[in-house]
Amino acid sequence: MRFVNGLTTSGQNFPQFAVDNYTAFGYERMAENLRGFLSLWDLANALYMLGEYKQALAVIHLTRQHFPDLSFSLNYEVILHAARGHIQEVNRIIDESFQLSASAPGRVMFNAARALRTHGHKEVAHEVLERALEWYHSRITGDYRYAIAKVLYWDEQWSDAQTIFEKLYQEYPDNQNYHGYTGIVAARLGEREKANRILEELYSKPEPYLFGSHLYWCARIAAILGE
């Protein structure tokens, strides 16, 4: 029950309630739980939202201690080091990701770059994104177009990103993420008419069980348009 309460309060943007709930249960008990890694990740995220980066790192270190095979913990750790401006640690985590699963480096570099940009380290973020692009282009198998397009978007290479997103949407017109990204890229490029058309298309989606995901993209497009 505390696990569900923690996820719910964190997801509703009440991070302090989530931290209090998890703390009452106990970090070690969370780690010993069958799905403890999920609650520990959520706790670290709630602490991050509160700016408690050092405490969040301690939670991630506990997670890695109990669940060493879960490479996703590196995504949280690299974000927290980026938030603290510890660039050397960010690069260390990125290097470590290359020793884990085949897909880990791309995710870790992308999350590192986003966090670096968010916390004011734009030049370092650009370097990480360039490294991520090089890594994705070196993949021999697999379709990494979506990941590459997101990297280009965050590196402000919007025209190149637009080309990929639009191609993906043409191939998979039911994919809301592809549709949404075509809208926010259009907004970034100043194509207001096109961005508003996509916003309206998303808002008028007839499919059931969207759980508001289409409205999330509408909000992103509108925000970039200044509305």
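## Basis of the model

The structure is predicted, so local features require pLDDT of at least 70 and side-chain atom pairs count only at pLDDT 80 or more, while totals for chains, interfaces and linings use all residues. Residues are numbered from 1 along each chain as its sequence is written, and side-chain values use heavy atoms, with hydrogens and water left out.

## Helix α8

Helices here are DSSP runs (H or I, at least four residues), numbered from the N terminus. Helix α8 comprises 15 residues and reaches 21 Å from its first C-alpha to its last, close to the 21 Å expected at 1.5 Å a residue. The expected span is 1.5 Å times one less than the number of residues.

Eleven of the 15 residues of α8 are buried, and the helix is mostly covered. Buried denotes under 20% relative accessible area, exposed over 50%, and partly exposed the range in between (1.4 Å probe, protein chains only). Among the buried residues are Pro105, Val108, Met109, Phe110 and Leu116. Their cover includes α6, α7, α9 and α10, where contact means heavy atoms within 4.5 Å. Just after α8, Gly120 adopts a positive phi of about 90°.

## Helix α9

Helix α9 (residues 122-137) has 16 residues, and its first and last C-alpha atoms lie 22 Å apart, close to the 22 Å expected at 1.5 Å a residue. Its buried residues are Ala125, Val128, Leu129, Ala132, Leu133, Trp135 and Tyr136. They cover an arc of only 160° around the axis, which puts them on the same side of α9. The arc is taken from the directions of the C-beta atoms as seen from the helix axis. An α-helix has 3.6 residues a turn, so residues three or four places apart point the same way.

The face of α9 turned away from the buried side carries the exposed residues Glu123, Glu127, Glu134 and His137. Elements covering the buried residues of α9 include α7 (87-97), α8 (104-118) and α10 (145-154).

## Packing of α12 and α14

Helix α12 (residues 176-188) packs with helix α14 (residues 213-224) at an angle of about 10°, their axes being 8 Å apart. The two helices are therefore roughly parallel to each other, a label for angles under 35 degrees. Axes are lines fitted to C-alpha atoms over the stretch in contact, and angles run from 0 to 180 degrees between N-to-C directions.

On the α12 side, the contact includes Tyr181, Ile184 and Arg188; on the α14 side, it includes Trp217, Arg220 and Ile221. By class, the contact has six nonpolar, six polar and two charged residues. Ala, Val, Leu, Ile, Met, Phe, Trp, Tyr, Cys and Pro count as nonpolar, Asp, Glu, Lys and Arg as charged, and the others, Gly among them, as polar.

## Individual residues

Two residues other than glycine have positive phi values. Glu156 has a phi near 65° and is placed in the loop between α10 and α11 (158-171); at a relative accessible area of 34%, Glu156 is partly exposed. Phe211 has a phi of about 55° and occupies the loop between α13 (192-203) and α14; at 76% relative accessibility, Phe211 is exposed.

Ser73 belongs to helix α6 (residues 73-83) and is buried, with a relative accessible area of 0%. Apart from neighbours within four places in sequence, Ser73 is in contact with Trp41, Ile60, Thr63 and Arg64. Asp20, in helix α2 (residues 15-25), is partly exposed at 44% relative accessibility.

How values were computed:
Angles under 35 degrees count as roughly parallel, over 145 as roughly antiparallel, 65 to 115 as roughly perpendicular and the rest as oblique.
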